[in-house]
Amino acid sequence: MSPSPSILDTLSQMFSQSLQVLSRPSVATFEELENKGTLREALIYVLVAAVVTGLLGTGSSATGFLSSVIGTLAGFLVFTYLVYYVGQNQGGSGSLDQVAYTFALFWAPINVIFSALGFLLVITVLGILLLPLLALAALAVNVYFAYLAVQSSMNLRERGKIWLTLVAAFLGALVVSLLTAALLR
C-alpha cells in the first residue's frame, strides 16, 4: 500500500490539473482527470480556496471568516453529494469521488479568482458598482464548468437530466448555506 501524497503534493497536482481544466474546458478534459483524486483531495483543495477567499473578504471578523470557511465546505459537500445522488437517480454512473474531484478542479480556482477581482473592485466607487456584474460572471462561469463536470463525473449526456441534477444540487446547497449562515451568526 502506497502512502498518501503530502498536502503540498496534492495542492500542486490539483493546481496543475485546474490549469488544464480552465485552459481546455471540455468533457474530455474532465474525463482525463476525474480519477486522479478522491473526496479527500477535493476537500483539501476547497478548504485552501475557502481560506484564501475568506482572507480576501473585506471587513470580516474572525467569526465571519470562520463562518465563511465552514459555510463554503458545507456548501461544497452538500452540492457535490446532491450532484452524485440526483445524478445516480437520473441513470448516472459516476462516483462521489469523481464528482467531488472534478468540481473542486474548477470551483476552487474560479472562486479565488473572482474573490480577488471583487477585492480589487471594492477599492473604488466605480468598482463597487461593478460587483453585481462580477457576481453574474462568476455564476455563468461556474454553471458552464458544472455542466461539463456533470457530464463527465456522472456520465450523463441528456440535457434535461444534467440540468435537473444541477438545479436540485443548487437548491439543496442554497438551503444548507442559509441554515449554516443562520446557525453561525
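Rings of Phe, Tyr and Trp (its six-membered ring) pair if their centres lie within 6.5 Å; planes under 30 degrees apart count as stacked, over 60 as edge-to-face and the rest as tilted. The structure is a predicted model, in which local features need pLDDT of at least 70, side-chain atom pairs count only at pLDDT 80 or more, and totals for chains, interfaces and linings use all residues. Residues are numbered from 1 along each chain as its sequence is written, and side-chain values use heavy atoms, with hydrogens and water left out.

**View 1. An aromatic pair of F30 and F106.** The whole structure contains 9 aromatic pairs. F30 belongs to helix α2 (residues 27-33) and F106 to helix α5 (residues 96-121), 76 residues apart; helices are DSSP runs (H or I, at least four residues), numbered from the N terminus. F30 is buried at 0% relative accessibility, and F106 is buried at 2% (buried means under 20% relative accessible area, exposed over 50%, partly exposed in between; 1.4 Å probe, protein chains only). Ring pairs join F30 and F106 with F79, F103, Y144 and F145 in a cluster.

**View 2. A salt bridge between E31 and R157.** A salt bridge is a side-chain nitrogen of Lys or Arg within 4 Å of a carboxyl oxygen of Asp or Glu. The closest N and O atoms of E31 and R157 are 3.5 Å apart. Because E31 lies in helix α2 and R157 in the loop between α6 (125-153) and α7 (159-183), the pair ties together parts 126 residues apart in sequence.

**View 3. A salt bridge between R40 and E41.** The N to O distance is 3.6 Å. R40 is partly exposed at 37%, whereas E41 is buried at 12%.

Definitions and conventions:
Helices (H or I, at least four residues) and strands (E, at least two) are DSSP runs, numbered from the N terminus.
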